[in-house]
Amino acid sequence: FYASSDRPAMKTLLLESDRYPWALERLEAEGLPHAWGIQDLQRWPDRSRMFVAEDSSPLGFSYLLVSGHPASRGSSTVILGGSSASVAGLLEAHLPEPPVTIRETPASLLPTIRAHLPAASVYLQQRMEVSRSTFAPCAAEGCRRLTVDDAPALAKFRDLPPRAAEGQRHWIRGAFVMGAFEGDELLATASTMVQTSGAWVLVAVETRSERRGEGFGSKVTSALTAAGLAEVPAVSLTVRQDNPAAIRVYEKLGFARREDRIWVDHGAGSAP
C-alpha cells in the first residue's frame, strides 16, 4: 500500500488513500495541532498527498502533506510535522516545485527548512485556541454570516473589481464567512479554513484599514468563534507574532497561546 523512495538510513512513503485511517487515528489523538491535516485527509483524499517516514516521534511518523484544499490551487500548500531528521528527508525527496507555501508547521522545524530552502521568506506565528469553558465573548451586534448575495460587498471590502464577485461566491459557499456590517457596508470579516468534527480553524480576520481600532475585529472574531463553539469543542487560529494588537484581541476573547508556528514562502509571493 505504499509507493516508496529510498535515501540513506531512511525510507519515505507515499501514503495511499486506503491507509489514511491509519494516519488519521494518530493525528486525531493529538487533535487541534493537526486540524489542517485531518481535514485534508477527510474531505479531499483524492487531491491531497501525504508522505510519511515512520520514526520514534510522538505520532510514530513524520509527514509532509501536500494540501488538497481548494484554496491551494495555483500553488502548493505544504504542512510538515514530526522530527527534524525525518522532515529533512521528506523535504529532499518530496517537496513540490515552487511556488510553494509551507503553513501550520511547528517553528522547531525552521532550522531544517532553512537548510533546505535558504532563500525562502519566513514569518513567525503563534497558534492560539479557545474552548467553550474559556471563551469570553464580546457584543457582536451588526455581525452575521455572509451569503452569496454578499459577494459584491465582499469583493468591494477586499478592494477587488466587481467582476471578482463570482470568486467570492465560491469562498462564501465553501466556508463559514462572518461579516461585521455598519448599515450595508462590510467593515470586517473572519472566515473558517478548517471545519472538522473536533475543531474550527479561523483565518482572514480583517478590518478595513480606516476603521481599525473601533472594535470590529473583536466583534467579527467573537461572532464566528461563538458559531464554531456551538458546533465543536474548540476553535483555533494562527496569528503573526509581530501583530501584538491582534494577539491582545484574541486573548481578551479567551484564546490562549499554544505553540510557535511558521509560514514559509518559497516562490509563492504569499504572506500571512
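**Ground rules.** I am working with a predicted model, where local features need pLDDT of at least 70, side-chain atom pairs count only at pLDDT 80 or more, and totals for chains, interfaces and linings use all residues. Residues are numbered from 1 along each chain as its sequence is written, and side-chain values use heavy atoms, with hydrogens and water left out.

**Entry: Ser191.** I looked up Ser191 and found it in strand β10, residues 185-195. Is Ser191 buried or exposed? Ser191 counts as buried because its relative accessibility is 1%. Its side chain makes a polar contact of 3.0 Å with the side chain of Trp171. For me a polar contact is a pair of N or O atoms within 3.5 Å; within protein, one must be able to donate a hydrogen and the other to accept it, and residues adjacent in sequence count only if both atoms are side-chain atoms. Not counting residues up to four places away in sequence, Ser191 touches Trp171, Ala175, Phe176, Val177, Val201, Leu202, Val203, Ala204 and Leu224, where contact means heavy atoms within 4.5 Å.

**Entry: Ala204.** I followed one of those contacts of Ser191, Ala204, to strand β11, residues 199-207. Ala204 has a positive phi of about 55° although it is not a glycine. At 25% relative accessibility, I log Ala204 as partly exposed.

**Entry: Thr101.** Next I went to Thr101, in strand β6. Thr101 is buried, given its 6% relative accessibility.

Entry: I checked two residues here. Phi of Asp159 is near 60°, a positive value in a residue other than glycine. I took one distance as well: Arg163 and Pro152 are 11 residues apart in sequence, and their C-alpha atoms are 8.5 Å apart in space.

Entry: I noted a cis peptide bond from Pro98 to Pro99, with omega near 10°. Pro99 sits in the loop between α3 (84-94) and β6 (100-106). In helix α1, residues 20-30, I found Tyr20, Trp22, Ala23, Leu24 and Leu27 buried. Just after α1, Gly31 takes a positive phi of about 70°.

**Entry: cysteines.** How many disulfides are there? I count 0, taking a disulfide as a pair of cysteine sulfur atoms within 2.5 Å. Cys138 is partly exposed at 29% relative accessibility, while Cys143 is buried at 18%.

**Entry: second largest pocket.** What volume does the second largest pocket have? I noted about 190 Å³. The search used a 1 Å grid over the protein atoms alone, and a pocket is an open set of points where a 1.4 Å probe fits, with protein on both sides within 12 Å along at least five of seven lines; lining residues have an atom within 4 Å of a point. Grid points are joined across faces, edges and corners, and volume is the space filled by probe spheres set on the points. This pocket is lined by 16 residues, of which Glu30, His34, Gly81, Gly82 and Pro106 lie nearest its centre. β4 (61-66), β5 (76-81), β6 and β13 (256-266) each supply at least two residues of that lining.

**Entry: Pro244.** Last, I looked up Pro244, in helix α8, residues 244-252. Pro244 counts as partly exposed at 46% relative accessibility. From Pro244 to Leu27 I have 217 residues in sequence and 30 Å in space, C-alpha to C-alpha.

Technical notes
Helices (H or I, at least four residues) and strands (E, at least two) are DSSP runs, numbered from the N terminus. Buried means under 20% relative accessible area, exposed over 50%, partly exposed in between (1.4 Å probe, protein chains only).
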